Amino acid sequence: MKKRTIWTIAIVMGIAFVILLGLQLTYIQEMANMKKEQFDESVNRSLYQASRNLELNETLRYLEKDVNEAERRAFNKDSVGTRSGKPNDGTVQYSHQYSVAGKDGTVYSSFELKTLETKPARMPKAMILKTDKNSNNEASKSLQEIVKNRYVYQKALLDEVVMNILYSASEKPLKERINFKILDQDLKAELMNNGINIPYHFTVSTRDGREIYRCPDYTDEGVEFVYSQVLFRNDPASKTGIVRVNFPDINSYIYSSVRFMIPSVVFTFILLITFIFTIVIVFRQKRYSEIKNDFINNMTHELKTPIASISLAAQMFNDESVAKNEKMTKHLIGVISDETKRLRFLVEKVLQMSMFDRQKASFKKKELDLNEIVETIANSFSLRVEHTGGKIHVDIGAVDSAIYVDEVHFQNVIFNLMDNAVKYHKPDQPVHIYLKTWNDDQYLYLSVKDTGIGMKKENLKKIFEKFYRVHTGNVHDVKGFGLGLAYVKKIIDLHDGVIKVDSEYGRGTTFTIKLPVIKS
């Protein structure tokens, strides 16, 4: 599949996942906002009703007080001895005391109803019926008059209660007018009636901000959402109060209605991460496939040369027309031997990396001197560097130079670094290699610096990957499989060391190896 096709699929799927995730988050936010609006409306309605109940309770207290006083006056009047008399017209006057009481036994009003009854014994029979009819009419009119008078009396009584509330109640401090326990009960009952059953805290303060009450378990949680209601809102502004309510668990309450959406958002996010990871793997596998193809091409090219040389030498041995003297035979045998060694080295290099990948490599570590290793390798490699017109410069600065490494593999590390310095030198200029050792209290350092062509920054992050080779354009004068620096990195890692590279294109490259010091 082409890279462009993969990118197109990745972008389309990525946009689809992002839009889906955005829609889910938007839906959750809209549901939360709707729940918040419903919550605000319910709380404000509950506070308004609680404040109204507070005013009704105050009015009821004044009514009870007035009724109790009326009952006391009526009781005192009866105790003086007032009784019904007998008028001169022959009728009997009857007195009936009535009272109005609530379900709890509280008497709200009382009144006396008087009726007249004519003695029927002294009248003719016909007149009795007539008299009874007239008597009933008179009784009905008398009852209507009494009810009318009682209405006027009760209205005046209510007006008096209202005047007492206006001129007496509002003069009292809020602490005396409000029963905070009943207010708390009303708040709780009204909130539950509106479907809100979560903990709340409330305070009561005057209009000018002086706090007169705070619930015992008050905390500042949820103070960013405070709901307030004016108490005794029809009183003068200086006499009113304000109740403020906050809910510590308001966020949990609001988002409780959208909890069922959380798993879908989580799974969508997981799918998005999985998709991104899959795309990364696809690109990585594609890159590995390209590197593998490059490796196969390189390996084929590298193996063809020694095979061709060996094949040519064998043909010359078999060709009877070619004169075979001792010098010719020795030369052909040398070519076959050298090319066979080269083939074996190339095959072993590939096998070594395969062994390291399968964690089957075994080291024969021993204590060595880094300074001695560097000097030995510099001497053996000097002819190859001098062939380019350059020179190896050695700076031995390490005092405690003892290291615990595998001799063969560690020497191969230094050889690989120096071999790369020669391979990637400037064609028209000699290469100079600078080997330097130094140490501190914990680590021993070795740097290999060259004056070659260097590398660009985008190549530095990939040079330690297997099969990766820095592109040199269409010039194929640099041979190899791209395994050298991967091998170096693996060996240093297995020796608990660190290797880093600094390079500037056109000026050269520096590799620095850091190894732990052997402590006695």
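Helix 4 (residues 180–193) lies across strand 3, strand 4 and strand 6 (241–246). Its direction makes about 130° with that of strand 3. This is a predicted model. The chain averages a pLDDT of 77, and 75% of the residues score at least 70.

- Which order do the strands take here? The order is 4-3-6-5, in an open sheet of 4 strands with antiparallel pairing.
- Strand 4 (211–214) and strand 5 (226–231) stand at the edges. Each has a single partner strand, so one side of each is left without a neighbour in the sheet.
- From one strand to the next, the twist averages 20°.
- Strand 3 (residues 201–206) pairs with strand 4 in the antiparallel sense, over 3 bridges.
- Two bridge partners can be picked out in this pair.
- The hairpin of strand 3 and strand 4 has 4 residues between the strands. In this hairpin, Gly-209 takes a positive phi near 100°.

**The sheet with mixed pairing**

- Strands of a sheet pair through backbone hydrogen bonds, either parallel or antiparallel.
- Another open sheet has 5 strands, in the order 8-10-11-13-12, and its pairing is mixed.
- Its edge strands are strand 8 (391–396) and strand 12 (498–504). Each of these pairs on one side only.
- The twist in this sheet averages 15° from one strand to the next.
- How many bridges join strand 10 (residues 432–439) and strand 11 (residues 443–450)? The two strands pair over 7 bridges, in the antiparallel sense.
- In this pair, Thr-437 stands opposite Leu-446 of strand 11.
- Helix 8 packs on the sheet and touches strand 8, strand 10 and strand 11. The direction of helix 8 makes about 170° with that of strand 8.
- Helix 11 (residues 484–494) lies across strand 12 and strand 13 (508–516). Helix 11 runs at about 145° to strand 12.

**Helix 8 with helix 9**

- Two packed helices are described by the angle between their axes and the distance between the axes.
- The axes of helix 8 (residues 370–387) and helix 9 (residues 407–423) come within 11 Å. They cross at roughly 35°, and the crossing is right-handed.
- On the helix 8 side, the contact residues include Leu-370, Ile-373, Ile-377 and Phe-381. On the helix 9 side, they include Phe-410, Ile-414, Phe-415 and Met-418.
- Arg-384 of helix 8 and Asp-419 of helix 9 are also among the contact residues.
- By class, the contact of helix 8 with helix 9 has 10 nonpolar, 2 polar and 3 charged residues.

**Helix 9 with helix 11**

- Helix 9 also meets helix 11, and their axes come within 9 Å. These axes cross at roughly 145°.
- Is this crossing left-handed or right-handed? Helix 9 passes helix 11 in a left-handed crossing.
- Helix 9 contributes residues including His-409, Phe-410, Val-413 and Leu-417. Helix 11 contributes residues including Leu-485, Tyr-487, Val-488 and Ile-491.
- The contact of helix 9 with helix 11 divides into 8 nonpolar, 5 polar and no charged residues.

**Salt bridges**

- Side chains of opposite charge can pair when their charged atoms come close.
- The model has 9 salt bridges.
- Why are Lys-36 and Asp-40 separated by about one helical turn? The reason is that they are 4 residues apart in helix 1 (residues 3–80).

- Over residues 81–103, the pLDDT is below 50. Beyond near neighbours in sequence, this stretch has 47 contacts in the model.
- Over residues 106–131, the pLDDT stays under 50 as well. Here the model has 64 contacts beyond four places in sequence.

Note on methods
Residues are numbered from 1 along each chain as its sequence is written. This is a predicted model: local features need pLDDT of at least 70, side-chain atom pairs count only at pLDDT 80 or more; totals for chains, interfaces and linings use all residues. Side-chain values use heavy atoms; hydrogens and water are left out. Axes are lines fitted to C-alpha atoms, for helices over the stretch in contact, and angles run from 0 to 180 degrees between N-to-C directions. A crossing is left-handed if the near helix is turned anticlockwise from the far one by less than a right angle, and right-handed if clockwise. Contact means heavy atoms within 4.5 Å. Ala, Val, Leu, Ile, Met, Phe, Trp, Tyr, Cys and Pro count as nonpolar, Asp, Glu, Lys and Arg as charged, and the others, Gly among them, as polar. pLDDT is the predictor's confidence in each residue, from 0 to 100. Two strands pair if DSSP finds at least two bridges between them. A salt bridge is a side-chain nitrogen of Lys or Arg within 4 Å of a carboxyl oxygen of Asp or Glu.
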